[in-house]
Amino acid sequence: MELAVKVGKQNRLKFISAYTLLALSCSSVAYADFVKDSETSLNFRNFYLERDFDSAQPDIGSWSQAAGIKFSSGYTETPLQVGLDLTANYALRLSDRNEERPDTVLPFEDGKQVNHYHKLGATLKLKYQDSELRIGELMPRTPVAFIDDSRQLVTTYAGVALETKAIDNLKLSLGRITHINARNDDSFEKLSLFAPNGPRFESDGLNYLGLDYNFTPSVTGAYWYGQLEDIYQQHYLNAAYNTTIGESKVKFDARYFNNSEAGDAYYGNIDSQTFGIQANLNNGPHTITAGVQKNKGDSPFPTLAGYAPQPFLHTWSLLGFIKPEELTYHILYSYDFKALGVPGLRATARYLHGSDIARAGFKDNEETETNFILGYTVPQGTFKGLGLEWRYIDTTTKYGAGNTPGTDFVENRIITTYTYKF
């Protein structure tokens, strides 16, 4: 049973599960811990983006301010514990610069970016011992679906998710996701495949199963399966090993995805495999990460419509590096300035190079991306938790449509965040 609330200029439907209303009818005996253990926070985010293209293509970008409130209850003192999460977020465009061009940050309607938009969400939580069922708005961070907080308002989902740790060393995840509320949208829509140049076919839902297991304190593994009904199915395998060499912490991580069509195959055959291996070394303030990823098959790696990210790919970034047959090398270096007496300040540089992209007649097709991130979080005092970040992104792509040159661009993001907890 679902409650549909009409919002937005086009009266699109927002899905908020009516089951969440059940939590409001808790008995007075059970109510105490529901309130006493609750947490409420106010979140503020100022987001500026400017993307400058090297070609004649016009630049895009926007500047906006967001404010949000999140209430997360405790659980009732009942055999089946009940809890409730509520979220409300609002964003306001602060400048009309580039408003006539979409930038995937703010909704775009009637030929321009909207002046403001909002998102509402509610989640019913049912907990029994080591198991929890969540119904309503979901914020998954899994190999089959992941939130996106890289822009202004966060991409969320709607559905049902069960997680249990009833078996030692094993986390079992089951769920069904039916809708997505994209970062640049103010309503929930049914799931589909990201295919910007093709028609939109909608799926009834994404079903998934996840197994995360700790073999030893140093060795972990995972298997996940996701099926976007009538579009694609996805298998994910992961193995990781953590160790210490001298004063350095080292992690080796291998990942494999296998994607193919499912059911009625609305988008036709899907043929995509991805192999990735990565090593991470941390020594004091220094962190170095390096790896290689290879795509196999005739299709790009499938992702969900609504700009849903896939950070379980080692190379996930602005360009994605998910093209057919692409071979990508990547390296990252990060430094924590706490070692120099400036706690809260961190700098990160990352470089990715993709080649061997499958395109008829263009065997030398390649793309690169360079990232530099400088971030500071106030560690103490009156403004403790205030975050400032500058993100610089430089991309190159050898070929665009046909045999035309690729669309190169430089992007700058400036983000200010602050959270106040009651």
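Predicted model: local features only at pLDDT ≥ 70, side-chain atom pairs only at ≥ 80, totals over all residues.
Two residues are in contact when heavy atoms of theirs lie within 4.5 Å. Residues are numbered from 1 along each chain as its sequence is written, and side-chain values use heavy atoms, with hydrogens and water left out.

**Thr164 and its surroundings**

- Thr164 sits in strand S10, residues 156-164 (a strand is a DSSP run of E with at least two residues, numbered from the N terminus).
- Not counting residues up to four places away in sequence, Thr164 touches Asp130, Ser131, Leu170, Lys171 and Leu172.
- Thr164 is buried, at 12% relative accessible area (buried means under 20%, exposed over 50%, and partly exposed in between, with a 1.4 Å probe and protein chains only).
- The side chains of Thr164 and Ser131 make a polar contact at 2.6 Å (a pair of N or O atoms within 3.5 Å; within protein, one must be able to donate a hydrogen and the other to accept it, and residues adjacent in sequence count only if both atoms are side-chain atoms).
- A polar atom of the Thr164 side chain also lies 3.2 Å from the backbone nitrogen of Ala166.

- Most residues other than glycine have a negative phi.
- Tyr307 is not a glycine, yet has a positive phi of about 60°.
- Phe321, also not a glycine, has a positive phi of about 55°.
- Tyr307 lies in the loop between strand S18 (286-296) and strand S19 (327-336), and Phe321 is found in the loop between S18 and S19.
- Tyr307 is partly exposed, with 36% relative accessible area, whereas Phe321 is buried at 0%.

Note on methods
Helix = DSSP H or I, 4+ residues; strand = E, 2+ residues; numbered from the N terminus.
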